[in-house]
Amino acid sequence: MTSTAAPARVPPLVHLKRALGWNIGRVVPSSRELEALVTAGVTDPAVQRYAAWRRSLMLVAFVPTTLAFLLGVLDAWDEGYDEYTTLGIGLDLLWIAAGAVLSFACFAGMRSWTKPGASAALLRVGYLAAFLIPFVIALLPIDAVYSLNEAPLPGVASPHAEKIDALEDIAVGFVLSGGTYLMLLPAVLSLIPGAMNGCLRVKALMPAAQLPGWLLVCAAPAFLLFWLVTLVVVNNAAQSILLVVGVLLWAGSPIWYALRGTVFVQSRISDADASKIGGVKRLVGLTALSGILMLGAFAMTKDVAGLTVFGFDDTTAMSTHVEELADLDDEIGIEDVRLAYDRSDSLLYALDLSSFQLVIDFLAKLLLITAIFADLVLRATVSGWRNDRSLRTRTAAASYDASAAAADASLSPPP
């Protein structure tokens, strides 16, 4: 297909298809995009496709990234900082500022799209800040971030007062940590899938490269191993077959990349091989969707400590009651948690602003980490190609070839 067959303008649906599609080797820049790229000195077809894809990705990512930032600002404005310490306020404001940096990085990526590497560093810095700040909040002592009610309970015997206070702090800290966990969740959930998306797209762009395929195959099992650890802890409290099977299907879906690894690690991909990749991706998607449906059924039906995970009545959600009680006395204590628990049927309100913010933030992080890893993997691929080409001009290449041949012979299965 020639560039003259491409549309002069790029409709929004085409941008969306580019951003979400895996085979960027088939991206067709529009005539105006080609003109801008040639003017900027970008004449190689593969680099042109990558620049056009990255432009669309930054444009699509700009929407949820900016929306997540605005929702974060509205949430902070609505909730206030009465229950936070000065340090907690500062860290939360830094986290919101990191969201603004990510939104600006997407805008900068759209503006400088003919030079894909121009805004890559800013995007990495912003994402790193947004990723690390919630971890800092989670690792700090709970009373360093939140103002806790330190008043002792009436009638508590003095020899045991300190122990009772310590238990209260643990219980309150566990409840308050839920908000921090929700801050961590989008970045953690999107990290490995986004990395695999980046590897897959670079492999489609440069099918002769082996590094993206090997990284994809090696990263695939890591997602399941990560969530197996979480599953062991959570299932002790939930004891649900829906949770177990749902996590195994959802987190284990990328295993198909490893099981069909030969499709991805071969040096060149024909049209038939590209079709095989599409089949594997559909298999991964169907497996993950089955797991998500089971996890949704678990969240809506299974009781955890006598409460469902999500509910559709905000008046019976524990998160709503904790917020209301905190607003009344400006401090969260153990009595607040007890009252909230007694009046609740669910842990979280499914239609709360924070729930929408969680989904939007996840989509934004997934798109951003895809762009970041595509850039890093492409740089690593080019670096490997450069080093290999340099090696071929040296006398040491013969020694390397001999060692590689001997290693191949030793690793090959016996006849």
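Author: A helix here is a DSSP run of H or I with at least four residues, and helices are numbered from the N terminus. The model is a predicted one. In it, α12 contributes the most to the lining of the second largest pocket, giving 6 residues. The elements that supply two or more residues to this lining are α1 (12-20), α3, α7 (158-205), α12 (271-301) and α15 (353-391). The pocket holds about 720 Å³ of space. Its lining comprises 25 residues, and those nearest the centre are Pro193, Asn197, Lys281, Phe362 and Leu366. By class, 19 of the lining residues are nonpolar, 4 are polar and 2 are charged.

One of the lining elements, α3, also packs against another helix. Helix α3 (residues 45-79) meets helix α4 (residues 86-111) at an angle of about 155°, and their axes lie 8 Å apart. Angles over 145 degrees count as roughly antiparallel, and α3 and α4 are therefore roughly antiparallel to each other. The crossing of α3 past α4 is left-handed. On the α3 side, the contact includes Arg54, Arg55, Met58, Leu59, Phe62, Phe69 and Val73. On the α4 side, the residues in contact include Asp92, Ile96, Leu102, Cys106, Phe107 and Met110. Glycines also take part, among them Gly72 of α3 and Gly99 and Gly109 of α4. The contact of α3 with α4 divides into 14 nonpolar, 6 polar and 3 charged residues.

Conventions:
Residues are numbered from 1 along each chain as its sequence is written. This is a predicted model: local features need pLDDT of at least 70, side-chain atom pairs count only at pLDDT 80 or more; totals for chains, interfaces and linings use all residues. Side-chain values use heavy atoms; hydrogens and water are left out. Axes are lines fitted to C-alpha atoms, for helices over the stretch in contact, and angles run from 0 to 180 degrees between N-to-C directions. Angles under 35 degrees count as roughly parallel, over 145 as roughly antiparallel, 65 to 115 as roughly perpendicular and the rest as oblique. A crossing is left-handed if the near helix is turned anticlockwise from the far one by less than a right angle, and right-handed if clockwise. Contact means heavy atoms within 4.5 Å. Ala, Val, Leu, Ile, Met, Phe, Trp, Tyr, Cys and Pro count as nonpolar, Asp, Glu, Lys and Arg as charged, and the others, Gly among them, as polar. On a 1 Å grid over the protein atoms alone, a cavity is a set of points where a 1.4 Å probe fits but cannot get out, and a pocket is an open set with protein on both sides within 12 Å along at least five of seven lines; lining residues have an atom within 4 Å of a point. Grid points are joined across faces, edges and corners, and a volume is the space filled by probe spheres set on the points.
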